[in-house]
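Thank you all for making the time this morning.

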Amino acid sequence: MNTDVELDSQGNYEMHNVEAVLMGAMALMSGYAQCGCNHKHMMAHKIVVNLSHLINHPELTAQFRMALGNLRTLWQNTIESEAQPTEMASAEREARLWHIAPNSVQ
């Protein structure tokens, strides 16, 4: 592996456009997997946007773009499934918001 990278005076380096978008998508996917936050839907949307950009990039092979298209479809399905919470998810969300009621009151 070639690790010879030219750094500027502040330790930064330039990355090719397609590589930067791919790294951004991969970073978002990692963040999505590790995040327990409320911003997961926004991260998923940005992943779809990045994958869409990559699918249309002329420097990638047709096979790679096809694989990215399949990946984008999976992420779109993830967004749609999270947008329609199930009854159980609704009940779980409600349970977290309220204290459990006692069985009897004295």
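Let me start with Asn 70, which is partly exposed, since its relative accessible area is 49%, and partly exposed here covers what lies between the 20% limit for buried and the 50% limit for exposed. Please keep in mind throughout that this is a predicted model.

Is Asn 50 buried or exposed? Its relative accessibility is 9%, so Asn 50 counts as buried. If we leave aside the neighbours within four places in sequence, Asn 50 is in contact with Val 21, Gly 24, Ala 25 and Leu 28.

Before going further, let me give you the overall layout. The chain has four helices and zero strands, so that reading along the sequence gives the pattern α-α-α-α. Of its 106 residues, 18% count as buried. Among the contacts in the chain with a separation of 6 or more, 46% are between residues 24 or more positions apart.

Let me turn to the helix pairs. Two packed helices are described by the angle between their axes and the distance between the axes, and those are the two numbers I will give each time.

The axes of helix 1 and helix 2 come within 9 Å and cross at roughly 155 degrees. An angle over 145 degrees counts as roughly antiparallel, and therefore helix 1 and helix 2 are roughly antiparallel to each other. Helix 1 passes helix 2 in a left-handed crossing. On the helix 1 side, the residues that meet helix 2 include Val 21, Gly 24, Ala 25 and Leu 28, and on the helix 2 side they include Asn 50, Leu 51 and Leu 54. Sorted by class, this contact of helix 1 with helix 2 has twelve nonpolar, five polar and two charged residues.

Next come helix 2, which spans residues 40-55, and helix 3, which spans residues 62-83; they pack at an angle of about 160 degrees, with their axes 9 Å apart. That angle makes helix 2 roughly antiparallel to helix 3, and the crossing is again a left-handed one. Among the residues that meet here are Ala 44, Ile 47, Val 48 and Leu 51 from helix 2, together with Leu 68, Leu 71 and Trp 75 from helix 3. The contact of helix 2 with helix 3 has ten nonpolar, four polar and two charged residues.

The remaining pair I want to show is helix 1 with helix 3, which pack at an angle of about 35 degrees, with their axes 14 Å apart. Their crossing is left-handed. Helix 1 contributes Leu 22, Met 29 and Tyr 32 to this contact, while helix 3 contributes Phe 64, Leu 71, Trp 75, Thr 78 and Glu 82.

What lies inside? The largest nonpolar core has 15 residues, and those with the most contacts inside it are Tyr 32, Leu 51, Leu 54, Leu 68 and Trp 75. The elements giving two or more residues to this core are helix 1, at residues 17-34, helix 2 and helix 3, and helix 2 gives the most, with seven residues.

Which residues does Trp 75 contact, leaving aside its neighbours within four places in sequence? Trp 75 is in contact with Met 29, Tyr 32, Ala 44, Ile 47, Val 48 and Leu 51. Leu 54, in helix 2, counts as buried because its relative accessibility is 0%. Not counting residues up to four places away in sequence, Leu 54 touches Val 18, Val 21, Leu 22, Leu 60, Arg 65 and Leu 68. Leu 54 and Leu 68 are 14 residues apart in sequence and 7.4 Å apart in space, from C-alpha to C-alpha.

His 57 is buried, with a relative accessible area of 8%, and, leaving aside its neighbours within four places in sequence, it is in contact with Asn 17, Val 18 and Arg 65.

Conventions: Residues are numbered from 1 along each chain as its sequence is written. This is a predicted model: local features need pLDDT of at least 70, side-chain atom pairs count only at pLDDT 80 or more; totals for chains, interfaces and linings use all residues. Side-chain values use heavy atoms; hydrogens and water are left out. Axes are lines fitted to C-alpha atoms, for helices over the stretch in contact, and angles run from 0 to 180 degrees between N-to-C directions. Angles under 35 degrees count as roughly parallel, over 145 as roughly antiparallel, 65 to 115 as roughly perpendicular and the rest as oblique. A crossing is left-handed if the near helix is turned anticlockwise from the far one by less than a right angle, and right-handed if clockwise. Contact means heavy atoms within 4.5 Å. Ala, Val, Leu, Ile, Met, Phe, Trp, Tyr, Cys and Pro count as nonpolar, Asp, Glu, Lys and Arg as charged, and the others, Gly among them, as polar. A nonpolar core is a set of buried Ala, Val, Leu, Ile, Met, Phe, Trp, Tyr and Cys residues joined through side-chain atoms within 4.5 Å. Buried means under 20% relative accessible area, exposed over 50%, partly exposed in between (1.4 Å probe, protein chains only).
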